[in-house]
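Hi,

Here is the structure I promised to pass on. Have a look at it, and then read my notes below.

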Amino acid sequence: MMTARGKYESLIGDRDQFLNVARECSRLTLPYLIKNDDDNAQHKTLVTPWQAVGAKAVTNLSSKLMLALLPPQTSFFKLQVNDAKLGQMFNPEVKSELELSFSKIERMIMEHINASSDRVVVHQALKHLIVGGNSLIYMGKKGLKSFPLNRYVIERDGDGNVVSIVTKELISRRVLGKDLPLPEVKPNEVGDGQGSLGISSGSTNDDVPVYTYVKMEEQSGRWIWHQEVFDKIIPGSRSSAPKSASPWLPLRFNTVDGEAYGRGRVEEFLGDLRSLEALSQALVEGSAAAAKVVFVVSPSSTTKPQTLAKAGNGAIVQGRPDDIGVVQVGKTADFSTAAQMADQLVQRINDGFLVLQIRQSERTTAEEVRLTQLDLEQGLGGLFSLL
C-alpha cells in the first residue's frame, strides 16, 4: 500500500504547471496568498508589486462574492416542507407552526456561523479561487479549515470526480503528543531542501510534516482518511464519511475538461496584469528620474558651482543666466503614451473584476449607476451558480 507521502510526491508533477501559474498570479495581486515553500522557510521578504490594481480587483471581487454567498444580515438558505407531501404526512394546520420552528432553526444556524470563524475561512478560500483557481476546505467539528494549492494534491477520474486527496502540513511535535513515536531527523537526510522523510530544509526541529490521505473506498462506498507522520499512521486519526456527505470540498473556479485543477479569474487577465506591472514600474522609475533636479554650470562661467549650491531661495549671486542650465529628461510625450496605455489596462481589469467605475459628472443618475452594476454582474456569467 502506498504511503500518504508517496502518493503526495507522485501527484506533485501534475500540480506543478497549475501551481506555477497560481504563484505568478499571486505575485501580481496578493503576494502573501500563494508563496514558494522556501519563502516560509527562510523568512524571505515578499516582493511588492509596482501597482495595487490587482490587489484591489481581487479584494473587491472576493468581497462581493462573500456578500452574495453569506449575507451578514439575512439567511442564505430557507427550510421548507414539501407541499406535495404536506397533506400526506402532516395536517395543513401544522404548516404555520412548522414554518415558525424552521425560522428559529435558521436564526440559530446563522448565529452559530456569525460566532465562528467560518466567514473568515470562506473569504480566504474565495481569494484563493480568484487568484489560483483552486482551494480545499475541510469541514471539521471545530469549524472550517482552508488549504492553499501548495498544501494539497488531488486526483480525479475522467468525469472530474475526486478519487483521492493528500494534504501536507507542518505541525509541532508538541501538538502531536509525546507518546507518538517520531524518529529523529539526521542532518544528512535534509540535504537539498527536501529530505527523504519530506522535511523542508528551512523547517524548525519542532515542526514535522503531517500528511492526510483521503480516498474513496469502492467496496463500502464511503470516504476514508487518516494522517501519517514519517510514513506511520497517527493513532486515532482514522475517520470516514458517506459518499454524498464528504467534509472535504475541493473547489475550482473555472473547470476545464480533463484537468484535475481549476483555473483562476486572475489567469484570464494575466496578460493585462503583466503589461500593467511593467508599465507601472517604467512610469514610477521614469517619474522619479524626471523629478530629480540637477543644475549644470558652464566651465567658463564666472559663477562657481559652490556659490549656486549654497545660495538660498531668493538669493542674489553674480553670474550669467546663459551659463546655467537644468538637465531635463525630455520624455514627456513617451510618458503620456505609457500612461494612456496603463489607464486602458486598468479599465479592462476593473471591468473584469466588477470594480464599479461611475462616470464623474454633475448629472450622474441612480439609474445609470444601476445599469453599470448590472453590466458588471453579467460579466461574471454563471459564477454565482457555480459557487
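What percentage of the 387 residues of the protein count as buried? The figure is 35%, where buried means under 20% relative accessible area, exposed over 50% and partly exposed in between (1.4 Å probe, protein chains only).

Some housekeeping before the details. This is a predicted model, where local features need pLDDT of at least 70 and side-chain atom pairs count only at pLDDT 80 or more, while totals for chains, interfaces and linings use all residues. Residues are numbered from 1 along each chain as its sequence is written, and side-chain values use heavy atoms, with hydrogens and water left out.

On confidence: the protein has a mean pLDDT (the predictor's confidence in each residue, from 0 to 100) of 84, and 82% of its residues reach 70 or more. There are 13 helices and eleven strands, taken as DSSP runs (helices H or I, at least four residues; strands E, at least two) and numbered from the N terminus. Be careful with residues 187–196, where pLDDT stays under 50. For that stretch the model has 16 contacts beyond four places in sequence, a contact being heavy atoms within 4.5 Å. Across the protein, 63% of the contacts with a separation of 6 or more are between residues 24 or more positions apart.

Now the helices. The ends of α9 (residues 270–291) are 31 Å apart by C-alpha, which agrees with the 32 Å that its 22 residues should span at 1.5 Å a residue (the expected span is 1.5 Å times one less than the number of residues). Its buried residues, including L270, L273 and E277, pack against α1 (4–28), α3 (53–69), α8 (265–268) and α11.

How do α9 and α11 cross, and at roughly what angle? Their axes come within 9 Å and cross at roughly 145°; axes are lines fitted to C-alpha atoms, for helices over the stretch in contact, and angles run from 0 to 180 degrees between N-to-C directions. The crossing is left-handed, that is, the near helix is turned anticlockwise from the far one by less than a right angle (right-handed if clockwise). Among the residues that meet there are L276, L279 and L283 in α9 and A338, A342 and L345 in α11.

Helix α6 (residues 118–131) reaches 20 Å from its first C-alpha to its last, close to the expected 20 Å. Eleven of its 14 residues are buried, among them D118, R119, K127 and H128. G133 follows α6 and has a positive phi, near 85°.

A few loop residues are worth a look too. Most residues other than glycine have a negative phi. D231, in the loop between β6 and β7 (232–233), has a positive phi of about 65°. L354, in the loop between α11 (332–352) and α12 (366–378), has a positive phi of about 60°.

Finally, S220 sits in the loop between β5 (207–217) and β6 (222–229) and is partly exposed at 39%. The S220 side chain makes a polar contact with that of E217 (2.5 Å); such a contact is a pair of N or O atoms within 3.5 Å, and within protein one must be able to donate a hydrogen and the other to accept it, with residues adjacent in sequence counting only if both atoms are side-chain atoms.

Cheers
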